[in-house]
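Dear colleague,

I am handing over the structure we talked about, and below it you will find notes on what turned up when I went through it. Please keep it open beside you while you read.

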Amino acid sequence: MAGLSQVHVEVIVERLKSRFGVEVTLKPPRVPYQETIRKSAKAHGRHKKQSGGRGQFGDCHIEIEPIDPDPARPGDIVEFEFVNAIKGGVIPTSFIPAVEKGVLEAMSAGVIAGYPVKGVRVRVYDGSYHTVDSSEMAFKLAGSIAMKQAMEQAAPALLEPIMLVTISVPEDSVGDVIGDLNSRRGRPLGMEPVGAGMTDIKAEVPMAEMLTYAPDLRSITGGQGEYTMEFARYEEVPGHLATKVVEESRAEHEAVRA
């Protein structure tokens, strides 16, 4: 089921209930948080397993560092760079892609709250292998182990999407709307009269603060306000709010396991 707005969805849900007796539970949309790192770190990943037959052996050393954003586009995050700095064949070239796969697998769920990790450069610079026991799977596991350890040591941070919001409201509601935006951690960018007693307000607001905005805007403006929003960039979540997001994510994961 999909709708053009929150009101549209609410109307559909009410019709489902009145016509078919179907009870629908609505929950706020999930915010696509991301994780990143704030400093460099080194780590050593080794996967070694010896059983009755052929064993498994993969060993790699990696260094990770934040990728500096483009000064012209500071909100854009380069997702990932992988650098092969191996010399002397200490890890055969054929196993390097496996290390990268393991690194990417670890980055799919960050160490803070399990969100995807972006903005990281990974350099594999040392390691070792066994002529018989080494395999792609062993080096993939070694790469994943090293990446998880490195991320924990690299000052990980939680990122949230910031939205560019344009709100059209009656002139006599401008003050109340801007006050409400400030309470949502919004940053008003400017206002512009658009005629017929209406004013457009532009602001940057975290997506997490906009999930239930439609009914609040209706209430503030007597049903005369409307808004649009588009993605602007990612920014680090303030510390006290990051703690709350982490707790909610852990509770959700535990509920899924249960």
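**Salt bridges across the chain**

The side chains of Arg-218 and Glu-10 come together in a salt bridge, with 4.0 Å from N to O. This pair links distant parts of the chain, since Arg-218 belongs to helix 5 (residues 213–221) and Glu-10 to helix 1, 208 residues apart. Please bear in mind that the model is a predicted one. Arg-218 counts as partly exposed at 32% relative accessibility, and Glu-10 is likewise partly exposed, with a relative accessible area of 31%.

The structure holds 17 salt bridges, and a few others deserve a look. Arg-38 forms one with Glu-236, where the closest N and O atoms are 2.8 Å apart. Here too distant parts of the chain are linked, with Arg-38 in the loop between strand 1 and strand 2 and Glu-236 in strand 9 (residues 226–236), 198 residues apart. Arg-185 forms a salt bridge with Glu-209, the closest N and O atoms being 3.0 Å apart. Because Arg-185 lies in the loop between helix 4 and strand 7 (187–195), and Glu-209 in the loop between strand 8 (198–206) and helix 5, the pair ties together parts that are 24 residues apart in sequence.

**Helix 3 and what follows it**

How far apart are the end C-alpha atoms of helix 3? They are 26 Å apart, which agrees with the 26 Å that its 18 residues (136–153) should span at 1.5 Å a residue. Several residues of helix 3 are buried, among them Ala-138, Phe-139, Gly-143 and Met-147. The buried residues of this helix pack against strand 2 (41–49), strand 3 (56–66), helix 2 (96–107), strand 5 (120–128) and strand 6 (156–170). After helix 3 comes Ala-155, which has a positive phi, near 50 degrees.

The C-alpha atoms of Ala-155 and Asp-176 are separated by 39 Å, although the two are 21 residues apart along the chain. Asp-176 sits in helix 4 (residues 174–183). With a relative accessible area of 54%, Asp-176 is exposed, because the cut-off for that word is over 50%.

How values were computed. Residues numbered from 1 in each chain as written. Predicted model: local features only at pLDDT ≥ 70, side-chain atom pairs only at ≥ 80, totals over all residues. Heavy atoms only, no water. Helix = DSSP H or I, 4+ residues; strand = E, 2+ residues; numbered from the N terminus. Expected span 1.5 Å × (residues − 1). Buried < 20%, exposed > 50% of the residue type's maximum accessible area, 1.4 Å probe, protein only. Contact = heavy atoms within 4.5 Å.
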